[in-house]
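Me: I want to learn how to read this model feature by feature. Can you take me through it?

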Amino acid sequence: MSGVAAHVEWLDLPHLRARRSAKWTLYDPDVLPMPVAEMDCLLAPPVAEALNRAVALGDTGYPSFGRGLHEAFAGFAGRRWGWDVDPDQVTLCGDVSVGMMAAISALLSPGDAFIIMPPVYPPFFRWGGETGMRTVEVPLRQSDSGYALDLDGIERELRAGAKAVLLCNPHNPVGWVHSRESLTALADLVSGYDAVVLSDEIHAPLTLPGHTFTPYLTVSDAARQQGIAVHAASKAWNLAGLKAALIVSASDVMRDSLSRGLPYETPWHAGQFGYLASEAAYRDGDPWLDALVTDLAAHHQQVRDGLPAGSRVAVPAQATFLSWIDASGLDLGDNPAAKLLAEARLAVGIGSEFGARWGDHIRLNVGTGPEIVAEGLRRLGSVLS
Ligand SMILES: Cc1ncc(COP(=O)(O)O)c(C=O)c1O
């Protein structure tokens, strides 16, 4: 496929309303759904071909025990990010949430605390409860020029006994790509403590043109000795329902800890369709991905240009199809998302779910066609009149 011009086919509303995925079944039919992190496009051709081939063969058994996906991921990571992944340090799992929780349980002991950095993907707040651990919050630092890790705050919590740092890179919902310098500083800091970094890198392939994603495990030996990453093709190629993700290590010590600590069943929970689709995406999906991120950058710009006065994207996203909007100047009350749903029939991500102090923010999914982005903006503006 490489070298073949590709483009992304965004679906219109009548086709999308025929879908039966979460995004299109969670709300009443007159609601425009823009919170759930699915995209509204057709599949990348190599992915559709892999799935069609599997259907033709009835290839719907347990997930492959071959190395095709591991090797395809290593190839993609090398081409895209200059990351030399050892396929033997890659473990298949069902999805990124399950992979993160399995890694937390494998690397920590019951009752341990881990650090999360709000505003952040809401399940980060729940994983502590679901794994029998405790969560401590060290918010990202924000300025008009961008976001930064609060290394002093992280050190304070490590000194108080936290055993892990959950990194979200690129960071959902703000779309920030952490720099090599800040990741190196984090790895140096953590190396002074009996702690690990778990880096959720699900949005990495969705890094927008002009920005550079740095895989955590490439920054230093310190990062590799005390860190793991979790990857998936599921966001970038829209495969979330097919279930496949990858837990990645890059040192003997982390590989051994994972192989001792991960449940035997971990790879068996992946789906065969997820395996086959992700393998095709990583192996042959670059041209389509290039077209996708170009479209997404335009949709982010469309949102920034079209937001009603009183709302703004404080820092433009560098990755993801998620637009994080400060709606504090719109006077939409305590719960802007509820008001938008009730009065404009527009469903958006609820700011307070990403962290208590972000109740005046909303998150809009721009992984959809420009007409639907425009309709979302129209509905957003309509509550003000
Ligand atoms: C940062 C982050 N991690 C994990 C997930 C969930 O991934 P999965 O469906 O593979 O569990 C998402 C979904 O949007 C996400 O944004």
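Me: Where is Asp331 found?

Reply: Asp331 sits in the loop between β11 and α13. Helices (H or I, at least four residues) and strands (E, at least two) are DSSP runs, numbered from the N terminus. This is a predicted model: local features need pLDDT of at least 70, side-chain atom pairs count only at pLDDT 80 or more, and totals for chains, interfaces and linings use all residues. Residues are numbered from 1 along each chain as its sequence is written, and side-chain values use heavy atoms, with hydrogens and water left out.

Me: What is the phi of Asp331, and is Asp331 buried or exposed?

Reply: Phi is positive, about 60°, although Asp331 is not a glycine. Buried means under 20% relative accessible area, exposed over 50%, and partly exposed in between (1.4 Å probe, protein chains only). Asp331 counts as exposed because its relative accessibility is 70%. Ser328 is found in the loop between β11 and α13 too. Ser328 is partly exposed, at 43%.

Me: Which residues is Ser328 in contact with, leaving aside its neighbours within four places in sequence?

Reply: Contact means heavy atoms within 4.5 Å. With neighbours within four places set aside, Ser328 is in contact with Gly310 and Asp360.

Me: Which other residue has a positive phi although it is not a glycine?

Reply: Thr320, with a phi of about 80°. Thr320 lies in the loop between α12 and β11. Thr320 counts as buried because its relative accessibility is 0%. Gly175 is in contact with Thr320, and also with Ala317, Gln318 and Ala319, leaving aside neighbours within four places in sequence. Gly175 is itself buried, at 0%, in the loop between β7 and α8.

Me: Where are the cis peptide bonds?

Reply: One joins Pro118 and Pro119, with omega about 0°. Pro119 lies in the loop between β3 and α6. The bond from Asn172 to Pro173 is also cis, with omega near 15°. Pro173 is in the loop between β7 and α8.

Me: How do I read a helix such as α11?

Reply: Start with length. The expected span is 1.5 Å times one less than the number of residues. Helix α11 (residues 272-284) has 13 residues, so it should span 18 Å, and its end C-alpha atoms are 18 Å apart, which agrees. Then check cover. In α11, 10 of the 13 residues are buried, among them Gln272, Tyr275 and Glu279. The buried residues of α11 pack against α3, α4, β2, β9, β10 and α12.

Me: How do I read a pocket?

Reply: Rolling a probe the size of a water molecule over the atoms shows where empty space is left. On a 1 Å grid over the protein atoms alone, a pocket is an open set of points where a 1.4 Å probe fits, with protein on both sides within 12 Å along at least five of seven lines; lining residues have an atom within 4 Å of a point. Here the largest pocket has a volume of about 780 Å³. Of its 38 lining residues, the closest to the centre are Val36, Ala37, Tyr121, Lys235 and Arg363. α6 gives the most to this lining, with 3 residues.

Me: What is the volume of the second largest pocket?

Reply: About 370 Å³. It has 20 lining residues, with Arg67, Val90, Thr91, Leu92 and Pro267 closest to its centre. β2 and α10 each supply at least two residues of the lining.

Note on methods. Points joined across faces, edges and corners; volume = space filled by probe spheres on them.
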